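Try each one before reading its solution.

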Amino acid sequence: MPSPKAKNPGRGSPVLGGVNGRYEFMSLTKPPPLLLQRQGSDPTTARLRVSESPTRRRGSSSSTGSASGQAPPEEDGIRLNPSFVRVALSSLLAIDLWMSKRLGVCACEDSSWGSVRPLMKLIEISGHGIPWLAGAVYCLYKSDSAAGQEVMLNLLMGLLLDLLLVGIVKAVVRRRRPSHNRMDMFATFSVDRYSFPSGHATRAAMCGRFLLAHLVLAAPLRVLVLLWAGLVGLSRVMLGRHNVTDVMFGFWMGYCQYNLVEMLWLSPQTLQGLLGQLA
């Protein structure tokens, strides 16, 4: 009579089966021998398991990062932070836009100082390039002395140089005019839709220095020249034509343009020699 233990093994018994009347027990910690044999007979599966090991992945990633010279993610995050110079420039730009909008009190008729707008537009015309070019040509034509012709000739050259340099800078920078500006300016050109720098400010600074240096003026007239140059720059911001930095850079640029005019100074004899060579 067979043993009851052989017929009805215990629940959860690790009995695998009998071979030649003997029973073998499976180990709960080791895989079956048949499974070990299959894993050992498949080298591809073994290699895949080794490559998927967490330790293997960590080791391979660290070795790859050190070999390629890449910085860890923490350093990448630090590198993406904005620099101090960029933050400072952004802050200055925000202050510039805020001040320009607050000072644009004559941008339209219903502004706080809208009644002063006609006077500001008159000052604007006094610093425009066309009246200055026409006045320089007329004075050069009517001048009787060689000294007067020389002064007017170089003033005309400075005005043309100013138009050229301001046009180049405006075309390169392409800064738009303030949003509260009304495009009702006198005799605008293609580059006049850009704001940086202010051509009126460059012209006022250059012509102011030129008049103070080459014309004999009394002290009250010299004060009036300086006052006119300052009012031209102020009118650009009050009318909403330019930002504050446009005018400030324009004054500096016009100051430097006068130095360039002095370096390229033309005398009537030099001009006649150049015209003779061209002829």
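The exercises below go from helix pairs to a pocket and then to a loop.

This is a predicted model, in which local features need pLDDT of at least 70, side-chain atom pairs count only at pLDDT 80 or more, and totals for chains, interfaces and linings use all residues. Residues are numbered from 1 along each chain as its sequence is written, and side-chain values use heavy atoms, with hydrogens and water left out.

**Exercise 1.** Work out how H10 and H11 are oriented to each other.

*Solution.* Start with the elements: helices are DSSP runs of H or I with at least four residues, numbered from the N terminus. Next, take the angle between H10 (199-214) and H11 (residues 219-238), which is about 175°, with the axes 9 Å apart. Axes here are lines fitted to C-alpha atoms over the stretch in contact, and angles run from 0 to 180 degrees between N-to-C directions. Angles under 35 degrees count as roughly parallel, over 145 as roughly antiparallel, 65 to 115 as roughly perpendicular and the rest as oblique. H10 and H11 are therefore roughly antiparallel.

**Exercise 2.** Describe how H9 packs on H12.

*Solution.* First the geometry: H9 (residues 146-173) and H12 (residues 244-263) pack at about 135°, with axes 10 Å apart. That makes H9 oblique to H12. Now the partners (contact means heavy atoms within 4.5 Å): residues of H9 including Asn154, Gly158 and Asp162 meet Met253, Gln257, Leu260 and Val261 in H12. Finally, sort this contact by class: eight residues are nonpolar, three polar and one charged. Ala, Val, Leu, Ile, Met, Phe, Trp, Tyr, Cys and Pro count as nonpolar, Asp, Glu, Lys and Arg as charged, and the others, Gly among them, as polar.

**Exercise 3.** Which helix gives the most to the lining of the largest pocket?

*Solution.* Begin with the helices that each supply at least two lining residues: H8 (129-142), H9 and H10. Of these, H9 gives the most, with five residues.

**Exercise 4.** Find the backbone features at Arginine 174 and Proline 197.

*Solution.* Step one is location: Arginine 174 lies in the loop between H9 and H10, and Proline 197 lies in the loop between H9 and H10 too. Step two is phi: Arginine 174 has a positive value of about 60° although it is not a glycine. Step three is omega: the peptide bond from phenylalanine 196 to proline 197 is cis, with omega near -5°.
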